[in-house]
Amino acid sequence: MKKKALFNWSSGKDSALALYKTLKNPEFEISCLLTSVNQQFQRVSMHGVRVELLHQQVKSIGLPLEIMQIPEMPTMEVYEAVMNKTLGKLKEQGVTHSIFGDIFLEDLRKYREDKLAEIGFEGVFPLWKVQTKDLIQEFISLGFKTIVVCVNERHLDKSFVGRFIDQDFINDLPENVDVCGENGEFHTFTFDGPIFSKLIDFEIGEIVYRKYERPENEDSSDTACDTNASDAFDYGFWYCDLLEK
């Protein structure tokens, strides 16, 4: 019997590649995609992608979507309460596993597994410990297409946001930046590839700058809504807005 799983869908390239691999794994049945959305702005958390484009992705993939509405700057307690409520509902539907596109951040994986264990879930990590240089080449060779929608100014300048990931993009990355952005250097929106029944059509809008301040009494080691939430404080981000056609 297949194990029922939810898939944590960020709208970006690592999620797309991990989903591609999971769909080929006969061990799992994916019950739904789960995405965190900024409640105030109705955009995918950290990526800044409009929820309308998220719905286009999901329709093209052909799986149900479960959205977690998250306040813009939630505390760990608020984030975990929303997550536990969502997972509790899915558990009642027979879901037992939660699948992620994480690659090598040990502390994040431990955080996820510890929290999942508290409510009887197991974590699954299809990309775990694969060299990121190999992953990005596999991603491109499979025919996936993705655009950079957010860069952390701590690692990259404005010129990288709004670019499509190809060999030129990879070659232009500074040596200290992971090619998959696993340390939070950049985030992407994937709009074509083998998991989609049709290309996601969009227009490139304006590029905007936002800076996040560290909330008072928040531990910098906390990682809640995003893979690298601690990087979201005291640094600015460049966002490329994508518009639905």
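## Surroundings of Leu17

Leu17, in helix 1 (residues 13-23), is in contact (heavy atoms within 4.5 Å) with Leu127, Leu135, Glu138, Phe139, Leu142 and Phe144, leaving aside neighbours within four places in sequence. Helices (H or I, at least four residues) and strands (E, at least two) are DSSP runs, numbered from the N terminus. The C-alpha atoms of Leu17 and Leu135 are 8.3 Å apart, although 118 residues separate them along the chain. Leu17 is buried, with a relative accessible area of 3%; buried means under 20%, exposed over 50%, and partly exposed in between (1.4 Å probe, protein chains only).

This is a predicted model, in which local features need pLDDT of at least 70 and side-chain atom pairs count only at pLDDT 80 or more, while totals for chains, interfaces and linings use all residues. Residues are numbered from 1 along each chain as its sequence is written, and side-chain values use heavy atoms, with hydrogens and water left out.

## Nonpolar cores

A nonpolar core is a set of buried Ala, Val, Leu, Ile, Met, Phe, Trp, Tyr and Cys residues joined through side-chain atoms within 4.5 Å. The largest comprises 52 residues, and Trp9, Leu19, Phe189 and Ile195 have the most contacts inside it. Apart from it lies another core of 18 residues, including Leu6, Cys32, Leu34 and Phe121.

Beyond its neighbours within four places in sequence, Leu19 is in contact with Phe7, Trp9, Ile30, Leu33, Ile61, Leu63 and Ile195.

## Salt bridges

The structure holds 15 salt bridges, each defined as a side-chain nitrogen of Lys or Arg within 4 Å of a carboxyl oxygen of Asp or Glu. Lys3 pairs with Glu27, the closest N and O atoms being 2.6 Å apart. This pair links Lys3 in strand 1 (residues 3-8) to Glu27 in the loop between helix 1 and strand 2 (28-38), 24 residues apart.

Arg50 and Asp241 also form a salt bridge (2.6 Å, N to O). Arg50 lies in the loop between strand 3 (43-44) and helix 2 (51-61) and Asp241 in strand 10 (residues 235-244), so the pair ties together parts 191 residues apart in sequence. Arg50 is partly exposed at 27% relative accessibility, whereas Asp241 is buried at 10%.

## A buried glutamate

Glu182, in the loop between helix 6 (167-172) and strand 8 (186-192), is buried yet has no salt bridge; the nearest side chain of opposite charge, Lys13, is 6.5 Å away. A polar atom of the Glu182 side chain lies 2.8 Å from the backbone nitrogen of Ile103.

How values were computed
Lys and Arg count as positive and Asp and Glu as negative; His and the chain ends are not counted. A polar contact is a pair of N or O atoms within 3.5 Å; within protein, one must be able to donate a hydrogen and the other to accept it, and residues adjacent in sequence count only if both atoms are side-chain atoms.
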